Amino acid sequence: MGFDIRKFFFRKPKIALEGQENETSASVPEKAAIKCDKCKSLILSDDLESGAYVCAKCGCHMKIGARDRLKLVSDGGEFEELFADVVGENPLGFPDYEAKLEKARKASGEKEAVVCGVVSVCERKAVAFAMDYRFMMGSMGSAAGEKITLAFEYATEHDLPVIGFALSGGARMQEGIISLMQMAKTSGAVLKHSDKGLLYISVLTDPTTGGVSASFAFEADIIIAEPNALIGFAGPRVIEQTIKQKLPADFQRAEFLLKKGFIDKIVDRRKLKDTLGQILKMHGAAEVDYE
């Protein structure tokens, strides 16, 4: 086995959250580099951050935290957080669930799998929420569903559009039927927001699956996806085992869904802010009042 000098100069980045210094942070250490998940090229931290965490060589969209997603589309990289104190518990007394929640909080630096806030996108005001893969793969439990519901209710009350970044492995099994109920609860909030004539833009990221894809993620007026994002209900392996057939290579990828009319547009993350700003302006979203 040969000596690999790269191990002494390169290390996997940590993701830093605003105002926090911890081992699970998402910002890349200064002068560090990481390897692209797809093409395995080494990318300098400065290039990665300035490029919205997209590989400049192959276009691979790397997974990023919920807070980073909101910052990328917000003017000045800032937003006003909402409902930060809504946290999950163990409603069914599921064994070791409290320990799993604590582990997820340490791994992500977040209290729950969703971050909500009021954002300014190209000087247009909106409510936004983003799901975090580092918190139990963005699974939707009672607290996550509650935060998304509150975000829509806040937007409805204040006549604001909603931008939702969906990322999830589905319902959180440790909360059983209570988790599944969040599908109906969030859908009801989306409907009330829609009935008031307000805009909802859904941005599907990798992966968007399970109960999230079967509820609020696909109930938007405009559905955008990141390139090559895995989007579906059951995973491809489950489907293949069920139907005893081999699926197409691009099955459940964003490009496949665009061809079939399930989504409206695929947008590179580096162009997403401008695209969202154009949509908000087109639909008459209120301009931000800086006074």
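**Strands and a threonine: questions and answers**

Visitor: Which residue in S7 stands opposite Phe165?

Guide: In this predicted model, strand S6 comprises residues 162–168 and is joined to S7 by 6 bridges, the two running parallel. Strands of a sheet pair through backbone hydrogen bonds, in either a parallel or an antiparallel manner. Within S7, the residue opposite Phe165 is Val203.

Visitor: Is strand S4 largely enclosed or largely open, and how many of its residues are buried?

Guide: One side of S4 carries Val114, Cys116, Val118 and Ser120, and the other carries Val115, Gly117, Val119 and Val121; all of these are buried. In a regular strand the side chains alternate between the two faces of the sheet. Strand S4 (residues 114–121) is therefore largely enclosed by the rest of the structure, the number of buried residues being 8 of the 8.

Visitor: Which residue in S4 is the bridge partner of Glu81?

Guide: Strand S3, residues 80–82, runs antiparallel to S4, and 3 bridges join them. Among the S4 residues that are buried is the one in question. The partner of Glu81 is Gly117.

Visitor: Which residue in the turn between S4 and S5 has a positive phi?

Guide: S4 and strand S5 (residues 124–131) pair in the antiparallel sense over 8 bridges, and Cys116 stands opposite Phe129 in S5. The two strands form a hairpin, with 2 residues between them. The turn residue with a positive phi, of about 55°, is Cys122.

Visitor: Is Thr209 buried or exposed, and at what relative accessibility?

Guide: Thr209 lies in the loop that separates strand S7 (200–208) from helix H6 (210–213). Not counting residues up to four places away in sequence, Thr209 touches Ser168, Gly169, Gly170, Gly232 and Phe233. A residue is buried when its relative accessible area is under 20%. Thr209 therefore counts as buried, with a relative accessibility of 11%.

Terms used: Residues are numbered from 1 along each chain as its sequence is written. This is a predicted model: local features need pLDDT of at least 70, side-chain atom pairs count only at pLDDT 80 or more; totals for chains, interfaces and linings use all residues. Side-chain values use heavy atoms; hydrogens and water are left out. Helices (H or I, at least four residues) and strands (E, at least two) are DSSP runs, numbered from the N terminus. Buried means under 20% relative accessible area, exposed over 50%, partly exposed in between (1.4 Å probe, protein chains only). Contact means heavy atoms within 4.5 Å. Two strands pair if DSSP finds at least two bridges between them.
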